[in-house]
Amino acid sequence: MPARLPLDEAEIMKAVLTGERHAAIAERFGCTRPRISQIARKHGYDSQAAFDARRAKARAEKLAKVPPAPEPPKPLKVVGLPVDVPLWAARAGLASDYRDDAREFGDDYAARRCRKLLADLRQQQALDARLGRAA
């Protein structure tokens with residue numbers, strides 16, 4: 001069996017400290033990746049801390065590139081009524097229905113019911129148009 005050549009630990013540590021991957025270093029020096037890790041630990045290198053630092057740096061760079069999310073648009077409402085009526089409900093002529101339902105059951109219920117009434121109205125208009133009847 002041929003004798004192994006001693007590894008140049010100083011060169012290995014230079015490569016490790018520059019951030020080169022252990023597998024690439026092992027291939028270059030003709031040894032195994034665990035041996036590179038063992039040499040690095042022997043010289044006080046903490047691979048987990050280095051990994052965490054690289055990860056934090058990458059995350060910071062990524063966050064710096066991402067623009068902040070735009071604020072969602074504010075809902076359009078008809079103001080001045082005891083219950084704020086959404087603009088779509090007021091335009092559809094459902095303001096009184098919305099107000100009544102909102103007072104009795106809450107805004108969520110009123111919005112669901114008015115959307116259902118609006119869908120029913122559109123369905124009836126489509127049916128009338130197909131049958132040729134005046135609305």
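Me: What should I know about the model and its numbering before I read on?
Reply: The model is predicted, so local features need pLDDT of at least 70 and side-chain atom pairs count only at pLDDT 80 or more, while totals for chains, interfaces and linings use all residues. Residues are numbered from 1 along each chain as its sequence is written, and side-chain values use heavy atoms, with hydrogens and water left out.

Me: How many helices and strands are in the protein chain?
Reply: The protein chain has 7 helices and 2 strands, taken as DSSP runs numbered from the N terminus (helices are H or I, at least four residues; strands are E, at least two). Read from the N terminus, the order of elements is α-α-α-α-β-β-α-α-α.

Me: What share of the residues is buried?
Reply: Of the 135 residues in the protein chain, 21% are buried, where buried means under 20% relative accessible area, exposed over 50% and partly exposed in between (1.4 Å probe, protein chains only).

Me: OK, helices 1 and 2, at what angle do they cross?
Reply: The axes of helix 1 (residues 9-17) and helix 2 (residues 22-29) cross at roughly 150° and come within 10 Å, the axes being lines fitted to C-alpha atoms over the stretch in contact, with angles from 0 to 180 degrees between N-to-C directions. That makes helix 1 roughly antiparallel to helix 2 (under 35 degrees is roughly parallel, over 145 roughly antiparallel, 65 to 115 roughly perpendicular and the rest oblique).

Me: And which residues meet there?
Reply: From helix 1, Glu11, Ile12, Ala15 and Val16 meet His22, Ile25, Arg28 and Phe29 of helix 2, where contact means heavy atoms within 4.5 Å. These residues divide into 5 nonpolar, 1 polar and 2 charged (Ala, Val, Leu, Ile, Met, Phe, Trp, Tyr, Cys and Pro are nonpolar, Asp, Glu, Lys and Arg charged, and the others, Gly among them, polar).

Me: Is His22 buried or exposed?
Reply: His22, which lies in helix 2, is buried, with a relative accessible area of 16%. Leaving aside neighbours within four places in sequence, His22 is in contact with Val16, Arg33, Ile36, Ser37 and Tyr45.

Me: Switching to the other pair, how do helices 6 and 7 cross?
Reply: The axes of helix 6 (residues 95-105) and helix 7 (residues 107-131) come within 7 Å and cross at roughly 145°. By class, the contact of helix 6 with helix 7 has 8 nonpolar, no polar and 4 charged residues.
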